[in-house]
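Here is a short report for a reader new to this structure. It goes from loops to cores, then to charges and the surface.

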Amino acid sequence: MEIDDQGFLFVTSTAFTYWEYESGKAQPLRKLNAKGNDVLTRMGNPSGELDYPDSKTSRATYKGPSSLVDVAAVEYGIYAVLDQNRGRIFVYNSDGELLYEFGGPGDINGGITTAVALDYLNGSFYTLDSGKNQINIYGLTEYGKLFIDVSKAAAALDYATEESVWNKIINENSNCVLAMRGLGTAAYRKQDMETAMKYFMAADDTENYSKAYVFVRRNRIEKNAVWLIAAVIAAAVVFVALKRRIDILAKKAGKESFLGKLKFADYVVFHPIRGFWELKREKRGSIAAALTFMIAACVTKIISSLLTGFIFNNNDINNYNLLNDVFFVTAAIVIWTVTQWCVTVLMNGEGNYKEIFIATGYSLVPYIWLNMAAVILSRFLSLEEAEVHTVLIALSLLYTAFLLVLSIMSTHDYSLGKTLLVLLIILIVIMLILFICMLIIILTQKMAAFVTDLYSEISLRI
């Protein structure tokens, strides 16, 4: 335990099981007030190691979560915790965000074998190592001192000094997320919202980015209101003219043309029961058109991943691989159509695989259009207006699912009750397929690891 300069009591505990820790029931670190209530701010996760091997299944030397055996109050709300499991010291700010960590296990100079106690005094951390029967002293580097300086400036409301120190931290570590957020906050205070947005984006801080964006959007609308209205009207006119042109071309080409079969998707979306009936009975669809819609669904997924506005985009663009999205959409379509064909053959369904494939392709049209609309709106909405984006995404999935259910009923000439029964069986079969695939992947990985270990052992003996 440790008492900070404001009279709060920091306490650590290891009296919990691994599963209690994994479920979030355990709190290895708490900050208690005079009533015994935990008032620790956890904007970050002040619990030591966050990415660790499983303590039950892993064969790693150091596994499981951190074992916090001591805590030390530093200065200006900063505190440090000692991890006995890996001999590391983690240092956090008053919001529970990690500033830096140091130390580590081993017999090397500065290594800790059995950590039992931690303290801080005048810019140095003192750790007691019962395994070596010694005290280790770690002095703060200039980089470490900067975090104390910035916390001191923040406590004194000295914003100019705080911004200056954040700039020094950025110069030392250009990847410091806290410094980017701090500079974004400094720019926000000075009402430089464009700069604030840049820093908040770099810090992946969607909440503050949205606050700055609201001001930028309002200023842009006020300055360019006439042009924006003209652009909206022009876009509407172009859309209507383009739609009419497509309608004329489709009418001239005829129902049996490729364009005519693509245009029939509009009828299927708004009149699904009759539309799916005509897809099957009157051959209004085609494999080429269905394949086009499936390719469009893949493109839509890629565009959604890449071009959705920062506030609503959860993808890591720097590590994005479009093949993953293509594989996901393609695999989903293949599994759905193959499973539906297998089940409906056994349930006296009238549709063949070609008809199932075509109906599935036409069912993807709402997903394509509504997701594209969501991507466009995501570039203009703030976090407070996220419901609009969420509703569009949910509606695209729900309406596509609705069309898929109706496609089963129309394609195979089922009643509603039998359609729901078949749908339930299809979903169960899909889950079994996914389970078997996961099992095969795990067994393959185990076999590969066994072969690798066997090869290494033979190589060492030879």
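## Two loop residues with positive phi

Q191 sits in the loop between α4 and α5. Helices here are DSSP runs of H or I with at least four residues, strands are runs of E with at least two, and both are numbered from the N terminus. Q191 is not a glycine, yet its phi is positive, near 65°. With a relative accessible area of 66%, Q191 is exposed. Exposed means over 50% relative accessible area, buried means under 20%, and partly exposed lies in between (1.4 Å probe, protein chains only).

L157 is found in the loop between α2 and α3. Its phi is also positive, about 60°, and L157 is not a glycine either. L157 counts as exposed, at 56% relative accessibility.

## About the model

The model is predicted: local features need pLDDT of at least 70, side-chain atom pairs count only at pLDDT 80 or more, and totals for chains, interfaces and linings use all residues. Residues are numbered from 1 along each chain as its sequence is written, and side-chain values use heavy atoms, leaving out hydrogens and water.

## The nonpolar cores

The largest nonpolar core has 32 residues. Such a core is a set of buried Ala, Val, Leu, Ile, Met, Phe, Trp, Tyr and Cys residues, joined through side-chain atoms within 4.5 Å. I89, V91, Y100, F125, F147, W166 and I169 touch the most other members. Several elements each supply at least two residues: β5 (79–83), β6 (88–92), β7 (98–103), β8, α2 (142–155), α3 and α4. Helix α2 gives the most, with 5 residues.

I169 touches Y143, L146, F147, C176 and A179, leaving out residues up to four places away in sequence. Contact means heavy atoms within 4.5 Å. Another core lies apart from the largest one. This other core has 25 residues, including C298, L364, V365 and I368.

## Inside helix α11

Helix α11 spans residues 322–346 and holds T339. T339 is buried, with 2% relative accessible area. A polar atom of the T339 side chain lies 2.6 Å from the backbone oxygen of I335. Beyond residues up to four places away in sequence, T339 touches I426, V429, I430 and I433.

W336 is in helix α11 too. W336 counts as buried, at 11% relative accessibility. Its contacts, leaving aside neighbours within four places in sequence, are T360, L404, I408, L423, I426 and I430. W336 and L404 are 68 residues apart in sequence. In space, their C-alpha atoms are 9.8 Å apart.

## Salt bridges

How many salt bridges does the structure hold? There are 17. A salt bridge is a side-chain nitrogen of Lys or Arg within 4 Å of a carboxyl oxygen of Asp or Glu. D38 pairs with R42, and their closest N and O atoms are 2.9 Å apart. D38 is partly exposed, at 32% relative accessible area. R42 is partly exposed as well, at 33%.

E163 and K190 form another salt bridge, with 3.1 Å between the closest N and O atoms. This pair links distant parts of the chain, 27 residues apart. E163 is in helix α3 (residues 159–172), while K190 is in the loop between α4 (177–189) and α5 (193–202). E163 is partly exposed, with 22% relative accessible area. K190 is exposed, at 55%. E278 and R284 also form a salt bridge, with the closest N and O atoms 3.2 Å apart. Salt bridges with shared partners join R274, E278, E282 and R284 into one network. Are E278 and R284 buried or exposed? Both are buried.

## A nonpolar patch on the surface

V116, L121, Y126, L128, I135 and I137 form a nonpolar patch on the surface. Together they have about 530 Å² of accessible area, computed by the Shrake-Rupley method with a 1.4 Å probe, where only the protein chains shown count as cover for residues. Patch residues have over 30% relative accessible area and no salt bridge; like charges are joined within 9 Å, and nonpolar side chains (Val, Leu, Ile, Met, Phe, Trp, Tyr) within 5 Å.

Strands β8 (115–121), β9 (124–129) and β10 (134–139) each supply at least two residues of the patch. I137 belongs to strand β10. I137 is exposed, with a relative accessible area of 55%.

Key
A polar contact is a pair of N or O atoms within 3.5 Å; within protein, one must be able to donate a hydrogen and the other to accept it, and residues adjacent in sequence count only if both atoms are side-chain atoms.
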